[in-house]
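Reader: Please show me the structure, and then I will ask about it.

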Amino acid sequence: MPIRLKKLIGTILLILLVIVYSLIATTVAVARLGESSALVHFLFFLLTGLLWILPAMGIIKWLIIERKPKDGR
């Protein structure tokens, strides 16, 4: 796959990840944390604010890994 195409796909995937993840996290927070204390809110947003990094790391790792030629060189 050409590097430019791979970067375009990776960029689009990262943007979609951030948008979808933030919408899901906000929806869960509104539905479940309405009557919770400030500490619970803090812990929830701390966890969800860091958790999106894991799938983003997978996308970035895919972006930087180059395929080796199949001719054995």
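Predicted model: local features only at pLDDT ≥ 70, side-chain atom pairs only at ≥ 80, totals over all residues.

Author: Residues are numbered from 1 along each chain as its sequence is written, and side-chain values use heavy atoms, with hydrogens and water left out.

Reader: How do the rings of phenylalanine 44 and phenylalanine 45 pair?

Author: Rings of Phe, Tyr and Trp (its six-membered ring) pair if their centres lie within 6.5 Å; planes under 30 degrees apart count as stacked, over 60 as edge-to-face and the rest as tilted. Here the centres are 5.2 Å apart and the planes stand at 80°, so the pair of phenylalanine 44 and phenylalanine 45 is edge-to-face.

Reader: Is phenylalanine 44 buried or exposed?

Author: Buried means under 20% relative accessible area, exposed over 50%, and partly exposed in between (1.4 Å probe, protein chains only). Phenylalanine 44 has 18% relative accessibility, so this residue counts as buried.

Reader: Over the ring of which residue does the charged end of lysine 6 sit?

Author: A charge sits over a ring if NZ of Lys or CZ of Arg is within 6 Å of the ring centre and within 35 degrees of the ring normal. For lysine 6, the charged end is 5.2 Å from the centre of a ring, and that ring belongs to tryptophan 62.

Reader: Is lysine 6 buried or exposed?

Author: The relative accessibility of lysine 6 is 11%. Lysine 6 therefore counts as buried.
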